[in-house]
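Welcome to this guided tour! Please open your viewer and get ready to select a few residues along the way.

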Amino acid sequence: MSIAETVAGAFRKVLVDRILSDEQVREIQDPMELLEQESLLNVVPCFMQYCIEYPDDDSLVALYTVNALAEYGRSKNPSNSYLNFKFLCNEDQRKAVVAFLIWAKGPPHYEDKNQIDRAVKNWREMT
(Lines give C-alpha, C1' and ligand atoms only; values in the text may rest on other atoms or scores of the structure.)
Protein backbone atom coordinates (compact mmCIF):
# COMPACT_ATOMS: atom_id res chain seq x y z
CA MET A 1 0.00 0.00 0.00
CA SER A 2 1.36 3.44 -0.91
CA ILE A 3 1.78 6.20 1.65
CA ALA A 4 -1.01 8.13 -0.08
CA GLU A 5 -3.37 5.16 0.34
CA THR A 6 -2.30 4.64 3.96
CA VAL A 7 -2.95 8.24 4.99
CA ALA A 8 -6.12 8.56 2.91
CA GLY A 9 -7.47 5.31 4.35
CA ALA A 10 -6.76 6.22 7.97
CA PHE A 11 -8.12 9.76 7.68
CA ARG A 12 -10.84 9.04 5.10
CA LYS A 13 -13.62 11.03 6.82
CA VAL A 14 -11.40 14.07 7.23
CA LEU A 15 -9.87 14.02 3.78
CA VAL A 16 -13.11 13.46 1.87
CA ASP A 17 -14.46 16.77 3.15
CA ARG A 18 -11.22 18.69 3.57
CA ILE A 19 -11.60 21.97 5.40
CA LEU A 20 -8.35 23.29 3.90
CA SER A 21 -7.56 23.43 0.20
CA ASP A 22 -4.05 22.88 -1.15
CA GLU A 23 -3.81 26.63 -1.67
CA GLN A 24 -4.69 27.29 1.97
CA VAL A 25 -2.17 24.72 3.18
CA ARG A 26 0.55 26.32 1.05
CA GLU A 27 -0.40 29.77 2.35
CA ILE A 28 -0.49 28.73 6.03
CA GLN A 29 2.46 26.31 5.71
CA ASP A 30 2.59 25.42 9.43
CA PRO A 31 -0.30 23.51 11.05
CA MET A 32 0.81 24.87 14.42
CA GLU A 33 0.28 28.46 13.21
CA LEU A 34 -3.43 28.26 12.49
CA LEU A 35 -5.13 31.37 13.79
CA GLU A 36 -8.53 29.78 14.36
CA GLN A 37 -8.67 26.90 16.79
CA GLU A 38 -9.96 24.03 14.70
CA SER A 39 -9.67 20.44 15.83
CA LEU A 40 -6.23 19.23 14.82
CA LEU A 41 -7.84 16.02 13.59
CA ASN A 42 -9.51 18.10 10.86
CA VAL A 43 -6.44 20.02 9.71
CA VAL A 44 -3.22 18.03 10.22
CA PRO A 45 -4.18 15.28 7.73
CA CYS A 46 -4.65 18.01 5.10
CA PHE A 47 -1.02 19.04 5.62
CA MET A 48 0.15 15.41 5.46
CA GLN A 49 -1.77 14.82 2.26
CA TYR A 50 -0.35 17.99 0.74
CA CYS A 51 3.20 16.77 1.49
CA ILE A 52 2.46 13.46 -0.19
CA GLU A 53 0.88 15.05 -3.25
CA TYR A 54 3.62 17.68 -3.67
CA PRO A 55 6.88 16.07 -2.48
CA ASP A 56 9.01 18.50 -4.49
CA ASP A 57 7.22 21.65 -3.31
CA ASP A 58 9.75 24.34 -2.42
CA SER A 59 7.65 25.86 0.38
CA LEU A 60 8.18 25.02 4.05
CA VAL A 61 4.97 22.97 4.39
CA ALA A 62 6.82 19.66 4.62
CA LEU A 63 9.35 20.88 7.17
CA TYR A 64 6.67 22.47 9.34
CA THR A 65 4.39 19.43 9.07
CA VAL A 66 7.13 17.06 10.23
CA ASN A 67 8.07 19.49 13.02
CA ALA A 68 4.42 19.68 14.11
CA LEU A 69 4.07 15.89 14.13
CA ALA A 70 7.20 15.70 16.27
CA GLU A 71 5.69 18.20 18.74
CA TYR A 72 2.37 16.39 18.81
CA GLY A 73 4.21 13.12 19.42
CA ARG A 74 5.99 14.58 22.46
CA SER A 75 2.78 15.88 24.01
CA LYS A 76 1.79 14.26 27.29
CA ASN A 77 -1.42 16.23 27.92
CA PRO A 78 -4.56 15.14 26.03
CA SER A 79 -6.48 18.18 27.28
CA ASN A 80 -4.13 20.65 25.54
CA SER A 81 -6.12 21.40 22.39
CA TYR A 82 -3.05 23.00 20.78
CA LEU A 83 -0.98 19.79 20.98
CA ASN A 84 -3.45 16.92 21.40
CA PHE A 85 -3.44 15.55 17.84
CA LYS A 86 -1.84 12.26 18.95
CA PHE A 87 -4.62 11.75 21.50
CA LEU A 88 -7.36 12.47 18.97
CA CYS A 89 -6.07 9.78 16.60
CA ASN A 90 -7.23 6.19 16.76
CA GLU A 91 -4.72 3.34 16.43
CA ASP A 92 -4.96 3.15 12.61
CA GLN A 93 -4.45 6.91 12.35
CA ARG A 94 -1.41 6.80 14.65
CA LYS A 95 0.04 4.02 12.49
CA ALA A 96 -0.58 6.18 9.41
CA VAL A 97 1.31 9.06 11.07
CA VAL A 98 4.22 6.71 11.80
CA ALA A 99 4.16 5.54 8.17
CA PHE A 100 4.10 9.16 7.00
CA LEU A 101 7.09 10.04 9.19
CA ILE A 102 9.06 7.04 7.93
CA TRP A 103 8.18 8.02 4.36
CA ALA A 104 9.33 11.58 5.13
CA LYS A 105 12.83 10.33 5.92
CA GLY A 106 13.36 9.07 2.41
CA PRO A 107 14.52 11.12 -0.56
CA PRO A 108 13.62 13.64 -1.80
CA HIS A 109 11.84 14.66 1.36
CA TYR A 110 12.96 16.22 4.60
CA GLU A 111 16.08 17.13 6.48
CA ASP A 112 16.28 16.08 10.10
CA LYS A 113 16.31 12.28 10.19
CA ASN A 114 17.14 12.26 13.93
CA GLN A 115 14.06 14.35 14.70
CA ILE A 116 11.94 12.00 12.61
CA ASP A 117 13.36 8.94 14.41
CA ARG A 118 12.46 10.49 17.79
CA ALA A 119 8.99 11.41 16.51
CA VAL A 120 8.40 7.85 15.25
CA LYS A 121 9.40 6.51 18.67
CA ASN A 122 6.98 8.88 20.42
CA TRP A 123 4.11 8.05 18.07
CA ARG A 124 4.76 4.31 18.40
CA GLU A 125 4.52 4.49 22.18
CA MET A 126 0.76 4.77 21.79
CA THR A 127 0.26 2.24 18.97
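A salt bridge is a side-chain nitrogen of Lys or Arg within 4 Å of a carboxyl oxygen of Asp or Glu. Keep that in mind as you explore, and remember that this is a predicted model.

**Stop 1**

Select Arg26, Asp57 and Asp58. These residues are linked in a network of salt bridges. Now show the side chains of Arg26 and Asp58, which meet in a salt bridge with a distance of 3.3 Å from N to O. Which parts of the chain does this pair tie together? Arg26 sits in helix α3 (residues 22-28), while Asp58 belongs to the loop between α4 (40-53) and α5 (61-74), so the bridge joins parts that are 32 residues apart in sequence.

Asp58 counts as exposed because its relative accessibility is 66%, and exposed means over 50%. Arg26, at 36% relative accessibility, counts as partly exposed.

**Stop 2: from α7 to α8**

Next, select Lys105 and Asp117. They form a salt bridge, and their closest N and O atoms are 2.6 Å apart. Lys105 is in helix α7 (residues 91-105) and Asp117 is in helix α8 (residues 113-124), so this pair ties together parts twelve residues apart in sequence. Are these two residues exposed, partly exposed or buried? Lys105 is partly exposed at 26% relative accessibility, and Asp117 is partly exposed at 38%.

**Stop 3: Lys121 and Glu125**

Move on to Lys121 and Glu125. This is another salt bridge, with 3.7 Å between the closest N and O atoms. Lys121 is exposed, with a relative accessible area of 53%. How many salt bridges does the structure hold? There are seven.

**Stop 4: where α4 packs against α5**

Finally, color α4 and α5. At what angle do these helices pack? The angle is about 135°, and the axes are 9 Å apart. That makes α4 oblique to α5. Their crossing is left-handed.

To see the contact itself, show these side chains:

- In α4: Leu40, Val44, Phe47, Met48, Tyr50 and Cys51.
- In α5: Val61, Ala62, Thr65, Leu69 and Tyr72.

Note on methods. Residues numbered from 1 in each chain as written. Predicted model: local features only at pLDDT ≥ 70, side-chain atom pairs only at ≥ 80, totals over all residues. Heavy atoms only, no water. Helix = DSSP H or I, 4+ residues; strand = E, 2+ residues; numbered from the N terminus. Buried < 20%, exposed > 50% of the residue type's maximum accessible area, 1.4 Å probe, protein only. Axes fitted to C-alpha atoms, helices over the stretch in contact; angles between N-to-C directions. Parallel < 35°, antiparallel > 145°, perpendicular 65-115°, else oblique. Left-handed = near helix turned anticlockwise from the far one by under 90°. Contact = heavy atoms within 4.5 Å.
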